[in-house]
Amino acid sequence: MEEITLNKYSEVKPKFLKRIIWLIVNKTIFRCLVGDKLFAVRNAILRMFGAQLPKRVLIYSSCDIYAPWNLKVGKFSCLGPHTEIYNKDRIVIGENAVISQGTYLCSASHDITSLLLPLVTKPITIGNRAWVAADAFIGPGVTIGEGAVVGARAAVFRDVEPWTVVGGNPAKFIKAREIKD
Amino acid sequence: MEEITLNKYSEVKPKFLKRIIWLIVNKTIFRCLVGDKLFAVRNAILRMFGAQLPKRVLIYSSCDIYAPWNLKVGKFSCLGPHTEIYNKDRIVIGENAVISQGTYLCSASHDITSLLLPLVTKPITIGNRAWVAADAFIGPGVTIGEGAVVGARAAVFRDVEPWTVVGGNPAKFIKAREIKD
Amino acid sequence: MEEITLNKYSEVKPKFLKRIIWLIVNKTIFRCLVGDKLFAVRNAILRMFGAQLPKRVLIYSSCDIYAPWNLKVGKFSCLGPHTEIYNKDRIVIGENAVISQGTYLCSASHDITSLLLPLVTKPITIGNRAWVAADAFIGPGVTIGEGAVVGARAAVFRDVEPWTVVGGNPAKFIKAREIKD
């Protein structure tokens, strides 16, 4: 055990150059294209880097996206200000979903059974009409069901059933979501 | 149910122009007025936008305030670095209160009984001598009682009794606060 | 009790000038030295301000450090992007430790038994081979044992035993960490 040191850790970094170029674009041009009205320009840039976006998706200029080529968002959905989309693995967001400000979608972790902590990634799926409230955290491999609500600051490490409300850290079931429309 | 889509969502945005102007001021001039000694200049700017501030209030230059006209702070209170005052609804902070770095006061939410997720706002009140520690989250409608302590990283969704200490996410009662002065 | 007001609060600020100079360096030059390859330059700057760093430590350019002279990090360890090292008191990190992005190491608090909320600081110690995952919070006086894992978004206020996994807010024991290497 004593022989293993983290300096031997090496991570496969596919599309490294593309990633660097996108990072610069995200932190400069993308950031400057502020406001609701320029959403189509931002989406066009994201599509150039491989994101699958229909016409009417609202992604804020302060959103940090790791890899647009690993992102798919359904129509009428919104990624709010200062959201962090850490999609080393694929992140798929449904239609009419709302990801509120400050939320962190984290698709990567480490294998803690090894001292070298090798990277492990798992996709994240967020269903249609789900709402992930402010400052929430969604861990790798999690599926948020259709219409589910993740409360503000909740930290979600397990799947969330459709049309339920969860909250807390770790997130727990609070109640079923009833629609009165 | 299938007919309702979020593209039909529309939010009333009162004082829209004032809000834009303030946003620019907050992110530029306000940010540059760093240091304890310039607190009076920062306060003067906030008062121009409608904030109710007595003479001796310390608001850091890295503080993000949504609407100064919805903010009232009592004397000798402090809003620390990188605090976020999301006062779509009124936020009132008492005297001798301390809001530590990274805290998020969030006065807005959505009505989850409707698929359109209409905005709902509720005021936040923080009592005299209360301390909200680093990185805490205070939700809409919450009242923090006089002298209460909200622990670091706590997420508060219910009222906190005066002179009590709460912590965790969701925040729970930890103990009564005893003063030995 | 009514006579005590926070305007009488005064905090001892040792090395005040050094602190200001370092703050400016941290927010400007240090920030610009991006990338893995410039880690040695960043470390050299940190050493000039008193940090105890062996040759192979990786500290990201977006890391905020309060006082390099209160920081000691062991070889092959890493402080990730946007970590916050609030070391008013001493923070010692072992060898082969990983502090992931967004983590907040907070060595300061206030004495809540006094209305003046005097500052109290306690050192933080993180053992060899420990992993503190993304966005975690480590409070003052906490020792994270060797090989321990602190889950993403966990908030730790008590010591963590070696080779255990904790998570949640407040952080609780989840399981022992088994190594299969």
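Reader: What makes residues of helix α2 (residues 39–48) of chain B count as buried, and which are they?

Author: In this predicted model, the buried residues of the helix are B:Phe39, B:Arg42, B:Asn43, B:Ile45 and B:Leu46. Buried means under 20% relative accessible area, exposed means over 50%, and partly exposed is what lies in between, with a 1.4 Å probe and protein chains only. The helix itself is a DSSP run (H or I, at least four residues; strands are E, at least two), and numbering starts from the N terminus.

Reader: How do you know where on the helix α2(B) its buried residues lie?

Author: Seen down the axis of α2(B), the buried residues fall within an arc of 160 degrees, taken over the directions from the helix axis to the C-beta atoms, so they line one face of the helix. These residues pack against α1, β1 (58–59) and β2 of chain B, where contact means heavy atoms within 4.5 Å. Just after α2(B) comes B:Gly50, with a positive phi of about 100 degrees.

Reader: Which residues of helix α2 (residues 39–48) are the buried ones in chain C?

Author: In chain C they are C:Phe39, C:Arg42, C:Asn43, C:Ile45 and C:Leu46. Down the axis of α2(C) these buried residues fall within an arc of 160 degrees, so one face of the helix is lined by them. Their cover includes α1 (16–32), β1 (58–59) and β2 (64–65) of chain C, and the residue that follows α2(C) is C:Gly50, whose phi is positive, near 100 degrees.

Reader: What makes the meeting of A:Asp64 and A:Arg31 a salt bridge?

Author: A salt bridge is a side-chain nitrogen of Lys or Arg within 4 Å of a carboxyl oxygen of Asp or Glu, and the side chains of A:Asp64 and A:Arg31 meet at 2.7 Å, N to O. The pair links distant parts of the chain, since A:Asp64 is in strand β2 (residues 64–65) of chain A and A:Arg31 is in helix α1 (residues 16–32) of chain A, 33 residues apart. A:Arg31 has 23% relative accessibility, so this residue counts as partly exposed.

Reader: What do the side chains of B:Asp64 and B:Arg31 form, and what do those of C:Asp64 and C:Arg31 form?

Author: B:Asp64 and B:Arg31 meet in a salt bridge at 2.6 Å, N to O. B:Asp64 lies in strand β2 (residues 64–65) of chain B and B:Arg31 in helix α1 (residues 16–32) of chain B, so the pair ties together parts that are 33 residues apart in sequence. C:Asp64 and C:Arg31 also meet in a salt bridge, at 2.6 Å, N to O. C:Arg31 is partly exposed, with a relative accessible area of 24%. In chain A, salt bridges that share partners join A:Lys27, A:Arg31 and A:Asp64 into one network, and over all chains the rule counts twelve salt bridges.

Reader: How many salt bridges does the rule find across the interface of chain C and chain B, and what else is there to count?

Author: Across that interface the rule finds zero salt bridges, whereas nine residue pairs are in polar contact, both residues being at pLDDT 80 or more. A polar contact is a pair of N or O atoms within 3.5 Å; within protein, one must be able to donate a hydrogen and the other to accept it, and residues adjacent in sequence count only if both atoms are side-chain atoms.

Reader: How much area is buried between chain C and chain B?

Author: About 2100 Å² is buried there, and carbon and sulfur atoms give 57% of it; buried area is the accessible area (1.4 Å probe) that two parts lose on being put together, summed over both. C:Ile112, C:Thr113 and C:Asn169 supply 28% of the area that chain C buries against chain B, more than any other three residues. The contact takes 27 residues from chain C and 24 residues from chain B.

Terms used: Residues are numbered from 1 along each chain as its sequence is written. Chains are lettered from A and ligands numbered from 1 in the order in which they are written. This is a predicted model: local features need pLDDT of at least 70, side-chain atom pairs count only at pLDDT 80 or more; totals for chains, interfaces and linings use all residues. Side-chain values use heavy atoms; hydrogens and water are left out.
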